[in-house]
Amino acid sequence: MEGVLQAGDAKDWVYKGEGAANLILSYTGSSPSMHGKVLRIKKILKDKSLPAPSCMVFSSYEQLLWGHIPELLDSVKQDCLAQAYAVHVMSKHLGANHVDGGVSVGVSRDFLELVEKNVLDSRPAWRVNASSIDNTADAALLIADHSLFSGNPRGSSCIAVEIKAKCGFLPSSEYISKENYIKKQVTRYKMHQHLKFHQGQISRTSEYNPLDLFSGSKERICMAIKSFFSTPQNNFRIFVDGSLVFGGMGGGADNVLPAEKDKCLEDLSKLSGLELPDFIELLSEAIFKSGVLGKLLATQKLDDHDIEGAIHLYYNIISQPCLVCKNITDVELLRKYTLLHSLSLDKSLKIVRDFLVSATSKDCSLMISFRPREGGTTDSVYDSVFLESVKQTYEYKAYFVDLDVKPLDKMEHYFALDQKIVNFYTRNQEVMPSPKVTNTKDAVGSRGGPNHPLEGPTF
């Protein structure tokens, strides 16, 4: 399968999942060099009025924004921007050992059109209605399938968990208006859940609190993981030997019905040999020990101005009158915004660049994979955790995925969505339904955690 993927290769690729920007295919053919690989194919939105989910080409302003990294500018010409951004930008923040840039491979239009036809029945209907494969693309990204280990010990299974953690801190920016002060007290994730419920995108709000997952406390990390089992939505998926056993394929699973959950957990136990409390303990310990969420949180906190501050620097960069300032009546706030508009171009570029890197880190996923360590093995390249409850050592690896460049012209969308989320929550928080208490405690047995702590600072 050297060179460009052609129509004849399409039969060897099957649907694995998708996000807003990319469709993911798994390789099932006979080429040894392709085993354990996935292909990330770019998508385009059918509604052209919506902002693109990721950046494919650079505008003149984006060339200004990223011009200090020549590899990024060169990658646009070679249609491999996603790879270059992961390697030359995100790995600097998240750690090169946790970022897989992959390799760019050529794809023909015939290959893309056949793939789209072949996977149509596997895609969630709402994804099909919203987007399609970009069949004008010349390349796709080939990366390791991080839901697998290469060379698994005979008779053992690889368990992998994909977590879309979302924003793990409460903003404290001085540029947040008094009307939006609630942002400093309630997580963005929780507020957005209420808007999604109102819009009919979800049938109930999630019990997941990102502050628990990012807390640095094993007890609270366990609580966050338990909450995923009742409302995984697009935040949580489990794979065994590369096959999905829990969560939604298209990143849109709303919740899991009790019967479905019991079946999933039964399958997980049979395939992995772990009961749910053991599995939660294993995942919590690996998250805690690896420190990967500390790197992710630090990257998210590059956004120290909040969108309510960064939007003004965006208008500095594009040399346009600020559409936000014209509606401000708070004299003190307007004074702060005026000072932002007086900043140099270099300073404006730095703040917006940090905001966009942070936006990528708030929207990416963490993939953690486990396999039992063979007895007597001491020279493994992988980190490990010992699970006391089953007297077994597990090797693990952790990688961040979905590290796409966020388009500069999405700044206005970010601001508008932020205002919509906060305004809705502020108006309706007293009448919104609380998350329905589920039987998660019964599922996890006697190792269930304490009552939920108040939302507060992390790390």
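Modeller: The protein averages a pLDDT of 87, and 89% of the residues score at least 70; pLDDT is the predictor's confidence in each residue, from 0 to 100. This is a predicted model, where local features need pLDDT of at least 70, side-chain atom pairs count only at pLDDT 80 or more, and totals for chains, interfaces and linings use all residues. Residues are numbered from 1 along each chain as its sequence is written, and side-chain values use heavy atoms, leaving out hydrogens and water.

Biologist: What makes β8 and β9 paired strands?

Modeller: Pairing requires that DSSP finds at least two bridges between two strands. Three bridges join β8 (residues 236-240) to β9, and the two run antiparallel. I238 stands opposite F246 in β9.

Biologist: In what order do the six strands form the open sheet?

Modeller: The order is β9-β8-β7-β10-β12-β11, with antiparallel pairing. Since β9 (243-246) and β11 (383-387) each have a single partner strand, one side of each is left without a neighbour in the sheet.

Biologist: Why is α14 called mostly covered?

Modeller: Buried means under 20% relative accessible area (1.4 Å probe, protein chains only; exposed is over 50%, partly exposed in between). In α14, 14 of its 19 residues are buried.

How values were computed: Helices (H or I, at least four residues) and strands (E, at least two) are DSSP runs, numbered from the N terminus.
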